[in-house]
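Reader: I am new to this structure and would like to go through its charged pairs and its core. Could you take my questions one at a time?

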Amino acid sequence: GNSRKAQNFLDDIFQNNKEYPPDFIKGILAECFVNDKGKFRFKIRCLREACLCLLRISDNKRHKLIQEIHKQVEISSPPNEYMDWNIYNKALKIIQSTIDVYPEKLSDLSSLLQLIKDHVGYE
């Protein structure tokens with residue numbers, strides 16, 4: 001669908017104080033890193049909003065969800081030699097800046113950030 005609609009949808013989730021099902025949030029965030037064929041990729045257009053959706057689940061569920069995405073990234077096919085390094089660097093900055101804004105809630109993303117750096121093999 002329209003990327004603006006997707007971004008608005010994710011903004012609505014973040015701004016809503018309602019708790020969402022962890023699998024729903026997992027699907028949103030995992031979509032940014034791994035496609036349906038298990039290949040690693042970046043979708044950065046709504047990456048910040050997807051990370052912020054993590055704030056709409058409880059702390060213990062958030063920790064478990066990030067571990068599950070970590071596993072998906074870990075077993076995904078590494079990126080090929082045609083990796084867009086500008087996109088890669090933007091993705092790292094988006095994730096880190098999101099952690100920096102909500103360190104008490106999103107510090108678990110640091111392990112995912114490190115895994116991405118290790119998985120891609122370039123920084």
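**Salt bridges and core**

Author: In this predicted model, Asp-59 and Lys-105 meet through their side chains in a salt bridge, with 3.3 Å from N to O. Asp-59 belongs to helix H4 and Lys-105 to helix H6 (residues 103–106), so the pair links distant parts of the chain, 46 residues apart.

Reader: Is Asp-59 buried, partly exposed or exposed?

Author: Buried means under 20% relative accessible area and exposed means over 50%. Asp-59 has 44% relative accessibility. That value falls in between, so Asp-59 counts as partly exposed.

Reader: How many salt bridges are there in the whole structure?

Author: The pair Asp-59 and Lys-105 is a salt bridge. A search of the whole structure brings the number of salt bridges to seven.

Reader: How many residues apart in sequence are the parts that Lys-61 and Glu-19 tie together?

Author: Lys-61 forms a salt bridge with Glu-19, and their closest N and O atoms are 3.7 Å apart. Lys-61 lies in helix H4 (residues 59–75), while Glu-19 is in the loop between helix H1 (3–15) and helix H2 (22–30), so the parts tied together are apart in sequence by 42 residues.

Reader: Which residue forms a salt bridge with Arg-41, and where does that residue lie?

Author: The closest N and O atoms of this salt bridge are 3.0 Å apart, and the partner of Arg-41 is Glu-31. The two are ten residues apart, and Glu-31 lies in the loop between H2 and H3.

Reader: Is Arg-41 buried or partly exposed?

Author: The cut-off for buried is under 20% relative accessible area. Arg-41 has a relative accessible area of 22%, so Arg-41 is partly exposed.

Reader: Which residues are linked with Lys-26 in a network of salt bridges?

Author: This is a network of salt bridges that includes Lys-26. The residues linked with Lys-26 are Lys-64 and Glu-68.

Reader: Which residues have the most contacts inside the largest nonpolar core?

Author: The largest nonpolar core has 41 residues. Elements giving two or more residues to this core include H1, H2, helix H5 (85–101) and helix H7 (109–120). The residues with the most contacts inside the core are Phe-33, Leu-47, Leu-109 and Ile-116.

Reader: Which residues is Leu-47 in contact with, leaving aside its neighbours within four places in sequence?

Author: Leu-47 is among the residues with the most contacts inside the core. With neighbours within four places in sequence left aside, the contacts of Leu-47 are Leu-29, Cys-32, Phe-33, Ala-91, Ile-94 and Ile-95.

Notes: Residues are numbered from 1 along each chain as its sequence is written. This is a predicted model: local features need pLDDT of at least 70, side-chain atom pairs count only at pLDDT 80 or more; totals for chains, interfaces and linings use all residues. Side-chain values use heavy atoms; hydrogens and water are left out. A salt bridge is a side-chain nitrogen of Lys or Arg within 4 Å of a carboxyl oxygen of Asp or Glu. Helices (H or I, at least four residues) and strands (E, at least two) are DSSP runs, numbered from the N terminus. Buried means under 20% relative accessible area, exposed over 50%, partly exposed in between (1.4 Å probe, protein chains only). A nonpolar core is a set of buried Ala, Val, Leu, Ile, Met, Phe, Trp, Tyr and Cys residues joined through side-chain atoms within 4.5 Å. Contact means heavy atoms within 4.5 Å.
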